[in-house]
Amino acid sequence: MLSVRDVSHGVLKDVELSADSGTLVALTGHSGSGKSTLCHLLAGFERPEQGTVTLEGRPTAEITDWRQIAVVPQRLALLEQLTAVENLLLAARLAVETTQAEKILDRLGVDVLAERPVGQGSIGEQQRVAVARALLLDSSLVVLDEPTAHQDDDNARRVIDAVLAGVEAGSLVITSTHDPRLLNHAGFTLPLGTGL
Ligand SMILES: Nc1ncnc2c1ncn2[C@@H]1O[C@H](COP(=O)(O)OP(=O)(O)OP(=O)(O)O)[C@@H](O)[C@H]1O
Ligand SMILES: [Mg+2]
């Protein structure tokens with residue numbers, strides 16, 4: 001269970017959210033409404049100025065295990081000199097086989113970067129590598145900041161199918177998005193700001 005209680009932080013005011021495993025939650029709102037800010041708090045990159053963000057009762061800022069919280073930041077945070085496989089294995093702290101990393105890269109249509117520095121990929125390809133990294137371990141909480149922002153319809157479909165497989169496997173997936181292709185699948189939506 002993820003629990004956001006009475007959180008105010010930067011532009012965010014009195015945000016409340018509870019969600020259980022096996023759910024897809026969408027965060028919406030205009031540019032500057034605080035979607036990425038909330039993603040950072042959920043991922044535990046920082047602590048809220050007011051209120052609490054906990055996963056199974058533990059502040060997310062104290063959790064560093066990728067099996068518990070995996071994330072695609074808006075700016076992706078890939079190591080550009082490393083290959084896609086290396087980026088995935090690093091997040092998993094080498095706890096997966098190379099073949100498992102290759103399998104999810106293939107599923108997301110970025111096997112082309114498996115053995116190449118990801119910095120050589122297009123922005124859409126790099127985004128799908130970051131999505132593959134976040135979905136690799138069926139983590140308890142998966143936080144995705146606009147994961148289809150750079151994707152054409154075919155590749156958005158690949159991202160959405162992989163996200164839904166993660167939800168099916170029991171992950172709680174929280175994604176910020178404006179994309180109706182993804183919004184359609186959300187169990188519920190949390191609007192921020194004016195919700196646009
Ligand atoms: N590191 C920071 N320090 C101070 N203010 C910040 C920081 N990052 C973002 N902000 C401010 O917080 C507000 C919310 O930003 P945020 O990135 O969360 O919006 P967003 O909803 O994700 O927007 P977008 O749709 O453009 O990605 C903005 O007004 C921004 O200027
Ligand atoms: Mg953002």
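Biologist: Leaving aside neighbours within four places in sequence, which residues is Gly44 in contact with?

Modeller: Those are Thr60 and Ala61, where contact means heavy atoms within 4.5 Å. Before we go on, this is a predicted model, in which local features need pLDDT of at least 70 and side-chain atom pairs count only at pLDDT 80 or more, while totals for chains, interfaces and linings use all residues. Residues are numbered from 1 along each chain as its sequence is written, chains are lettered from A and ligands numbered from 1 in the order in which they are written, and side-chain values use heavy atoms, with hydrogens and water left out.

Biologist: Thanks! Why is Gly44 called buried?

Modeller: Buried means under 20% relative accessible area, exposed over 50%, and partly exposed in between, using a 1.4 Å probe and protein chains only. Gly44 has 14% relative accessibility, so Gly44 counts as buried. You will find Gly44 in the loop between helix 1 and strand 4 (50-55); helices (H or I, at least four residues) and strands (E, at least two) are DSSP runs, numbered from the N terminus.

Biologist: And what makes Gln126 buried?

Modeller: Its relative accessible area is 10%, so Gln126 falls under the 20% limit. Gln126 is found in helix 4. Leaving aside neighbours within four places in sequence, its contacts include Leu76, Leu78 and Glu80.

Biologist: Why is Gln74 called partly exposed?

Modeller: Gln74 has 42% relative accessibility, which lies between 20% and 50%, so Gln74 counts as partly exposed.

Biologist: Which residues coordinate the magnesium ion (ligand 2)?

Modeller: Ser36 (OG) and Gln74 (OE1) do, at 2.0 to 2.2 Å. Donors are N, O and S atoms within 2.8 Å of the metal (3.2 Å for Na, K and Ca); water is not among the atoms, so sites may look incomplete. The pair links distant parts of the chain, with Ser36 in helix 1 (residues 35-43) and Gln74 in the loop between strand 6 (69-72) and helix 2 (84-91), 38 residues apart.

Biologist: Which residues touch the most other members of the largest nonpolar core?

Modeller: Of its 61 residues, they are Leu2, Leu42, Leu105, Val129 and Ile174. A nonpolar core is a set of buried Ala, Val, Leu, Ile, Met, Phe, Trp, Tyr and Cys residues joined through side-chain atoms within 4.5 Å. Helix 4 (residues 123-135) gives the largest share of this core, six residues. Not counting residues up to four places away in sequence, Leu42 touches several residues, among them Leu2, Val4 and Ile174.
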